[in-house]
Amino acid sequence: MQDRLVTIFGGGGFLGRYVAQELLSRGVRVRIAERNPGNAVRLKPLGGLGQIQLMSADINKPMSVARAVAGADVVINLVGILNGAFDAVQRQGAQTLAEAAAEAGVQAMVQVSAIGADPDSASAYGRSKGQGEAAVRAAFPAATIVRPSIIFGREDQFLNRFAQLIRMAPVVPVISGGTKFQPVYVVDVAKAIAIAALDPMTHGGKTYELGGPEVLSMEAINRWIARAIGRDKLFVPVPAAAASIIAMLPGGPITGDQLKMLAHDNVVAPGALGFQTLGIAPTPMAAVADTWLVQYRRHGRFAGRAEA
C-alpha cells in the first residue's frame with residue numbers, strides 16, 4: 001500500500017482535502033495536482049516524510065496533465081465548476097485526463113461527477129458532467145464514476161451559505177422549495193472515493209450514487225438550518241417567474257443554469273449502487289453540523305443547544 005502513488009486533480013479544494021486525508025491515513029503516497037498548488041499547502045503536515053507532494057497542473061493543458069499522471073498508480077479527478085466554461089472543464093478536461101491516464105498505464109481512475117449528470121440535460125452543468133462521464137468511459141473503461149448529491153461539511157458553501165442568509169435576513173426567500181436533495185457528508189464521500197480508488201478489481205467500471213440518510217426538500221433544509229441555529233424566520237416561496245428574473249441578474253444568488261438544475265430532484269436513483277455496496281453508513285446532518293453551525297447562533301457557542 002505504501003508504494004502506491006495517487007494523483008488527485010483538484011486535491012486542494014473542499015472535497016479534495018478530505019480525500020487526500022483519507023488516502024494519507026491509509027498509508028499511500030499522494031500527489032496533489034492543482035493550478036495553484038498553494039491551495040494544498042495545509043495538507044503537507046498531515047503526511048509522513050515524502051508521503052505528499054504538490055504539483056502545478058491544469059486539466060486543460062495536456063502536457064501538464066501528462067506530467068502529473070506520470071508514475072501514478074491511481075488518478076482521481078475532482079475538478080469541477082459551478083459557473084463558467086463547463087464544457088472545457090467538465091467534458092474536455094475529463095477526457096484529457098482519462099486519455100493521459102490510459103496512455104501512462106495508470107491502474108485505476110475515479111471520476112467524480114454529480115447526481116443529475118446527463119449528456120442530454122437542459123442544464124449546461126448537468127450536460128457537461130454527463131458528457132464528461134462518457135468521455136472518461138471511452139478513454140478509460142475501467143474508471144469508477146462517483147456521483148454525490150449536494151455535499152455538506154465544515155467548510156461547505158451549502159449549509160454555511162444558507163445559515164448566513166437565515167441569520168441576516170428578516171424574511172428568507174426560498175427558490176425551488178419543493179426540489180428534493182439527499183445531503184451527503186464530505187467525510188463519507190471521501191471514504192467512498194478512497195475505497196473505490198484503492199480497490200479497482202472490485203469497483204472499477206462501476207457507477208456509484210452517494211446520498212445521505214435523509215431526503216429533504218429545499219424548503220425543509222432551510223427550516224432545518226433555522227432550527228439548528230435558533231432562528232425563527234419567515235420563509236417565503238419565490239414564484240418561478242420571479243426566480244427566472246433573479247437568475248438573470250449579474251452577481252445574483254443563482255444563475256439561469258442552476259435554476260434549470262433545480263427543476264429536478266437531486267437524489268439517488270432507485271436501484272443505484274451506493275454507500276451500502278461500499279460498506280459505509282452515511283452520516284446524518286444533525287450528527288455533525290452542530291459543530292460549525294454554532295457560529296450562526298445569536299450568542300455563538302455560549303447559546304443554549306438549539307433544537308436540531
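Modeller: One term before we start: helices (H or I, at least four residues) and strands (E, at least two) are DSSP runs, numbered from the N terminus. Also keep in mind that this is a predicted model.

Colleague: Thanks! How many helices and strands are there in the protein?
Modeller: The protein has 13 helices and 13 strands.

Colleague: And what are the spans of the C-alpha trace along its principal axes?
Modeller: They are about 55 × 45 × 35 Å. The radius of gyration is 20 Å, which agrees with the value near 19 Å that a compact globule of 308 residues would have.

Colleague: What share of the residues is buried?
Modeller: Buried residues account for 51% of the 308.

Colleague: Which residues have the most contacts inside the largest nonpolar core?
Modeller: Those are Ile8, Leu23, Ile76, Ile193 and Leu293, in a core of 70 residues. Helix 6, residues 186-198, gives the most to this core, with ten residues. Apart from it there is another core of 20 residues, including Phe9, Val69, Leu97 and Met109.

Colleague: Let's pick Leu293. What does Leu293 touch, leaving out residues up to four places away in sequence?
Modeller: Leu293 touches Leu159, Ala163, Trp224, Ala228 and Ile229.

Colleague: What about contacts across the whole protein, how many join residues at least 24 apart?
Modeller: Among contacts between residues at least 6 apart in sequence, 77% do.

Colleague: I clicked on Ser176. Where is the place of Ser176?
Modeller: Ser176 sits in the loop between strand 8 (171-175) and strand 9 (180-181). Its phi is positive, about 55°, although Ser176 is not a glycine. Most residues other than glycine have a negative phi.

Colleague: Why does Ser176 count as partly exposed?
Modeller: Because its relative accessibility is 22%, and partly exposed covers what lies between under 20% for buried and over 50% for exposed.

Colleague: Last one: where is Ala272 found?
Modeller: Ala272 is in the loop between helix 10 (256-261) and helix 11 (275-278). Ala272 is partly exposed too, with a relative accessible area of 31%. From Ala272 to Ala135 there are 137 residues in sequence, and 21 Å in space, C-alpha to C-alpha.

Notes: Residues numbered from 1 in each chain as written. Predicted model: local features only at pLDDT ≥ 70, side-chain atom pairs only at ≥ 80, totals over all residues. Heavy atoms only, no water. Core = buried A, V, L, I, M, F, W, Y, C linked by side-chain atoms within 4.5 Å. Buried < 20%, exposed > 50% of the residue type's maximum accessible area, 1.4 Å probe, protein only. Contact = heavy atoms within 4.5 Å. Rg over C-alpha atoms; globule rule 2.2 N^0.38 Å.
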